[in-house]
Amino acid sequence: MTQTLPVGLSATAVVAASSANLGPGFDSLGLALSLYDEIVVETVESGLTVHVEGEGAGQVPLDETHLVVRAINKGLQAAGFSAPGLTVRCRNDIPHSRGLGSSAAAVVGGLAAVNGLVTQAGCEPMDDARLIQLSSEFEGHPDNAAAAVLGGAVVSWTEAAGMGEPRYAAAPVRLHPDIRLFPAVPQQRSSTAETRVLLPELVSHVDARFNLSRAALLVVALSQRPDLLMAATEDVLHQPQRAAAMPASAEYLAILRRCGIAAVLSGAGPSVLGLSSQAGLPAEAVEYGTAHGFTVTEMSVGARVRWTAGAVVRN
């Protein structure tokens, strides 16, 4: 039986950007970055009002099809509630269509905001496992979503559930404190759907074996041995195939690796993520980035999603 939330409730969620794949960990490895979107939701008497500030303003829909609104509705349904009306405010710092998990952040943030609403109606909030499951259902794989929920680095996986929905899950990986993160974000946009069609349906046993070894090694490199990052971030299954669609990113990735920075495409690109134990980037890499419109900053690892209900902040 569905309950209707009272008018006048409010909740806030803050959720991190994320980088998926990290080279060989296609659809399974993810890492949260210290760049955040904030979502504020209020229950009102009727209707839907959506405000967007920052990234995506003037470009995303302001109705029920907005991804945050879809996530809120899904979360309310899962909790057994409905809302008479909603006002949703999105303050976005995560660039859209750059491979930094903006879609996952929107979904995780919307679901987390639901936690803030339903706890005020006496309902238990969704736990991490439930947030990962519901948010991953939007994209069909949990790498970005799990990183946004848990923060830090994650290994995620999908389990078939017979004739029902797949089960999505993830486990955290402690990121070695010496590892520095250097996202490079271009002006160019790209979509995962457009670049995923560039990937072949079948791969050779040799290539699969290569990526399996590198993905396993990457977990060791991220948590214990940063000196292994260069070898551990090698990939043959998706980055070479996507290179022609984003030549500047492919070239920047090659330059960074030539300079000793373990660089990877961030998700489906076109952003590039450098992982290094060095302070700063080599001059050659900085110059190329500036000349080709990349914004390069050093970031720390992102925190887990946070939500607020009234005056109580939940982590």
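This is a predicted model: local features need pLDDT of at least 70, side-chain atom pairs count only at pLDDT 80 or more; totals for chains, interfaces and linings use all residues.
Start by colouring the two domains: the assignment gives domain 1 (3-173 + 301-309) and domain 2 (180-296), with bounds that come from an automatic or database domain assignment. Where they meet, 24 residues of domain 1 and 34 residues of domain 2 are in contact, contact meaning heavy atoms within 4.5 Å.

Residues are numbered from 1 along each chain as its sequence is written, and side-chain values use heavy atoms, leaving out hydrogens and water.

**Stop 1: the largest pocket**

Rolling a probe the size of a water molecule over the atoms shows where empty space is left. Select Leu 67, Ser 102, Ser 103, Ala 104 and Glu 139: of the 41 lining residues, these are the closest to the centre of the largest pocket. A pocket here is an open set of points on a 1 Å grid over the protein atoms alone, where a 1.4 Å probe fits, with protein on both sides within 12 Å along at least five of seven lines; lining residues have an atom within 4 Å of a point. Its volume is about 800 Å³, counted as the space filled by probe spheres set on the points.

Where does the largest pocket lie? Both domain 1 and domain 2 give residues to its lining, so it lies between them.

Now show the helices and strands, which are DSSP runs (H or I, at least four residues, for helices; E, at least two, for strands) numbered from the N terminus. Among the elements that each supply at least two lining residues are strand S3 (29-43), helix H1 (67-79) and helix H5 (192-196). H2 gives the largest share, 6 residues.

**Stop 2: the annotated binding site**

Next, select Pro 95 through to Ala 105, where UniProt places the feature "binding site" in an unreviewed entry. Such annotations may be inferred rather than shown by experiment. From this set, the pocket lining takes in residues including His 96, Arg 98 and Ala 105.

Zoom in on Ser 97, in the loop between S6 and H2. Leaving out residues up to four places away in sequence, Ser 97 touches Ser 102, Gln 188, Arg 189, Ser 190 and Pro 270.

Gly 99 lies in the loop between S6 and H2 too, but Gly 99 is buried, with a relative accessible area of 18%. With residues up to four places away set aside, Gly 99 touches Ser 18, Ser 19, Ser 266, Gly 267 and Gly 269.

**Stop 3: the annotated span**

Highlight residues 67-152, which the unreviewed UniProt entry annotates as "domain: GHMP kinase N-terminal". This span is 59% helix and 12% strand, and its end C-alpha atoms lie 24 Å apart.

**Stop 4: two more residues**

Pick Glu 234, in the loop between helix H7 (229-232) and helix H8 (239-242). Beyond its neighbours within four places in sequence, Glu 234 is in contact with Pro 24, Phe 210, Arg 214 and Arg 257. Glu 234 is partly exposed at 29% relative accessible area.

Finish on Leu 212 in helix H6 (residues 205-223), which is exposed at 63% relative accessible area. Draw a line from Leu 212 to Ser 102: their C-alpha atoms are separated by 27 Å.

Conventions: Buried means under 20% relative accessible area, exposed over 50%, partly exposed in between (1.4 Å probe, protein chains only).
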